[in-house]
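Subject: Structure for your review

Dear colleague,

Please find the structure below, followed by an account of what was found in it. I would be grateful if you could read the two side by side.

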Amino acid sequence: MQDFVNNLPKLAKDKHNENKKFFAKLKKKPPKDLDYVMMDLNEKEFDRTDCLQCANCCKTTGPLFTDKDVERIAKHFKMKTQQFIEQYLRIDEDNDYVLQAVPCSFLGADNYCSIYEVRPKACREFPHTDRKKFQQISNLTLKNVAICPAAFNIVEAMKFRLQNYKPT
């Protein structure tokens with residue numbers, strides 16, 4: 001798994017133009033059953049992918065924290081919201097709360113998340129490959145295939161599954 005994760009940025013870069021063209025076509029006129037296809041591919045991939053063997057998302061990127069996330073996690077730590085923000089977060093260029101640094105402060109050496117039960121929405125939904133109207137997040141998916149082995153595999157499987165798909 002670690003070899004795949006190490007090679008992922010290069011693999012994603014090699015596939016970038018192909019993926020970009022595929023997503024552009026998909027965005028124009030997605031198949032009617034795309035959401036079902038994505039749910040199926042997502043389920044099959046995560047049946048064989050153990051995120052605890054990887055945790056590359058937690059090691060290399062930081063999620064956005066919504067106000068609800070901040071409140072929930074602060075409450076979990078029995079902290080005031082502002083105290084939690086000052087200790088763990090910063091405001092980025094888009095005026096969103098993000099981690100002060102990566103890897104994630106809540107990631108253990110065993111790749112377990114110490115706040116898993118109350119983790120941010122962005123973490124719960126990552127890599128967003130089972131999201132409804134999947135074609136609307138193609139730019140995010142293009143980034144995620146360079147971070148997440150499962151996302152990379154799902155996109156490759158999706159291209160294979162939809163290879164005969166032609167928008168009308």
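Is K133 buried, partly exposed or exposed? K133 is partly exposed, with a relative accessible area of 49%; buried means under 20% relative accessible area, exposed over 50%, and partly exposed in between, with a 1.4 Å probe and protein chains only.

Two remarks on the basis of the analysis come before the rest. This is a predicted model, in which local features need pLDDT of at least 70 and side-chain atom pairs count only at pLDDT 80 or more, while totals for chains, interfaces and linings use all residues. Residues are numbered from 1 along each chain as its sequence is written, and side-chain values use heavy atoms, with hydrogens and water left out.

Backbone features

K133 has a positive phi of about 55° although it is not a glycine, and it lies in the loop between α6 and α7. Helices (H or I, at least four residues) and strands (E, at least two) are DSSP runs, numbered from the N terminus. N111, also not a glycine, has a positive phi of about 70°. N111 is placed in the loop between β3 and α6 and is buried, at 14% relative accessible area.

There are also cis peptide bonds to report. One joins V102 and P103, with omega about 0°; P103 is in the loop between β3 (97–99) and α6 (121–125). Another joins F126 and P127, with omega about 5°, and P127 belongs to the loop between α6 and α7 (138–144). For context, most residues other than glycine have a negative phi, and most peptide bonds are trans.

Salt bridges

A search of the whole structure finds 12 salt bridges, each being a side-chain nitrogen of Lys or Arg within 4 Å of a carboxyl oxygen of Asp or Glu. Side chains of opposite charge can pair when their charged atoms come close.

D40 is partly exposed at 26% relative accessible area, and R161 is partly exposed at 38%.

D69 and R72 form a salt bridge whose closest N and O atoms are 2.6 Å apart. These residues are three apart in helix α4 (residues 67–76), and therefore separated by about one helical turn. D69 is buried, with a relative accessible area of 1%, whereas R72 is partly exposed at 27%.

In helix α8, E156 and K159 are likewise three residues apart, or about one helical turn, and their side chains meet in a salt bridge of 2.7 Å, N to O. E156 is partly exposed, at 22% relative accessible area, while K159 is buried at 9%. A network of salt bridges links K15, E18, E156 and K159. Leaving aside neighbours within four places in sequence, K159 is in contact (heavy atoms within 4.5 Å) with K15, E18, N19 and F22.

Helix packing

The axes of α4 and helix α5 (residues 81–88) come within 9 Å and cross at roughly 95°. Axes here are lines fitted to C-alpha atoms, for helices over the stretch in contact, and angles run from 0 to 180 degrees between N-to-C directions. This makes α4 roughly perpendicular to α5; angles under 35 degrees count as roughly parallel, over 145 as roughly antiparallel, 65 to 115 as roughly perpendicular and the rest as oblique. The residues making the contact are V70, E71, I73 and A74 of α4, together with T81, F84 and I85 of α5.

Nonpolar cores

A nonpolar core is a set of buried Ala, Val, Leu, Ile, Met, Phe, Trp, Tyr and Cys residues joined through side-chain atoms within 4.5 Å. The largest has 21 residues, and those with the most contacts inside it are F23, L26, M38 and M158. At least two residues of this core come from each of α1 (2–28), α2 and α8, and α8 gives the most, with six residues. Another core lies apart from it, with 17 residues, including F65, Y88, L89 and V118.

With kind regards
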